[in-house]
Amino acid sequence: MCALNRPTAPSRAAGAGPRRVDSSQGMGQPSACETECGGMRGRQVHDGPDRTYALPDILLLNANTNTAMTDKMLDAARVLHPNCRGATVARGHKYISDQDTALVAAEAVVEFAEKLDAETMPDALVIACFGDPGLWTVRDQLPIPVIGMAEASCHVACQVGRRFAIVTGGSAW
């Protein structure tokens with residue numbers, strides 16, 4: 001039985017933080033638990049002798065180059081999914097404020113997705129940028145769920161059944 005991971009632990013292996021991905025440095029190494037538990041994509045969690053389940057490997061991809069923003073979004077995501085991992089695109093802009101910067105971000109997201117292979121492919125990809133740059137292209141490319149933060153937010157807002165608005169900081173939006 002794997003004693004390295006617990007449902008409430010934010011780490012992927014004893015003494016190590018959750019695996020992070022930097023698109024300029026490769027995709028990271030599997031944790032000790034992933035190796036011990038048979039190479040599952042998601043972290044296998046053992047909650048008592050009779051209860052074993054796997055948390056999905058969710059990759060949060062920031063479509064701008066602001067790594068501090070990636071860290072903030074990852075901190076917020078880990079409140080609900082402790083071993084969510086994050087990545088920042090290798091090229092583009094620190095802030096997406098207009099259609100031109102959104103186009104560059106979409107290209108960078110597609111390039112990132114093209115580099116994913118069987119070993120680095122998450123169970124799901126979240127494009128963590130409100131304009132969802134590259135969403136439809138990446139959905140067509142990958143065999144996994146690809147979620148856009150804007151699309152998901154608007155979907156949930158519509159389910160609530162009330163009016164909602166979107167406020168942006170971009171001057172050209």
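Predicted model: local features only at pLDDT ≥ 70, side-chain atom pairs only at ≥ 80, totals over all residues.
Reader: Why is Cys 154 called partly exposed?
Author: Its relative accessibility is 23%. Buried means under 20% and exposed means over 50%, with partly exposed in between; Cys 154 therefore falls in the intermediate class.

Reader: What makes Cys 158 count as exposed?
Author: The relative accessibility of Cys 158 is 53%, and the class of exposed residues begins over 50%. Cys 158 therefore counts as exposed.

Reader: Why is Arg 139 said to lie over the face of Trp 136?
Author: The distance from Arg 139 to the ring centre of Trp 136 is 4.8 Å. The cut-off is within 6 Å for CZ of Arg, together with a position within 35 degrees of the ring normal. Arg 139 is accordingly listed over the face of Trp 136.

Reader: What makes β4 and β6 the edges of the open sheet?
Author: The sheet has four strands in the order β4-β3-β5-β6, with parallel pairing. Strands β4 (85–88) and β6 (146–148) each have a single partner strand, so one side of each lacks a neighbour in the sheet.

Reader: How do you know that β5 and β6 pair?
Author: Pairing requires at least two bridges, and three join β5 (residues 124–127) to β6. The two strands therefore qualify as a pair. Within β6, Ile 147 is the bridge partner of Val 126.

Note on methods:
Residues numbered from 1 in each chain as written. Heavy atoms only, no water. Buried < 20%, exposed > 50% of the residue type's maximum accessible area, 1.4 Å probe, protein only.
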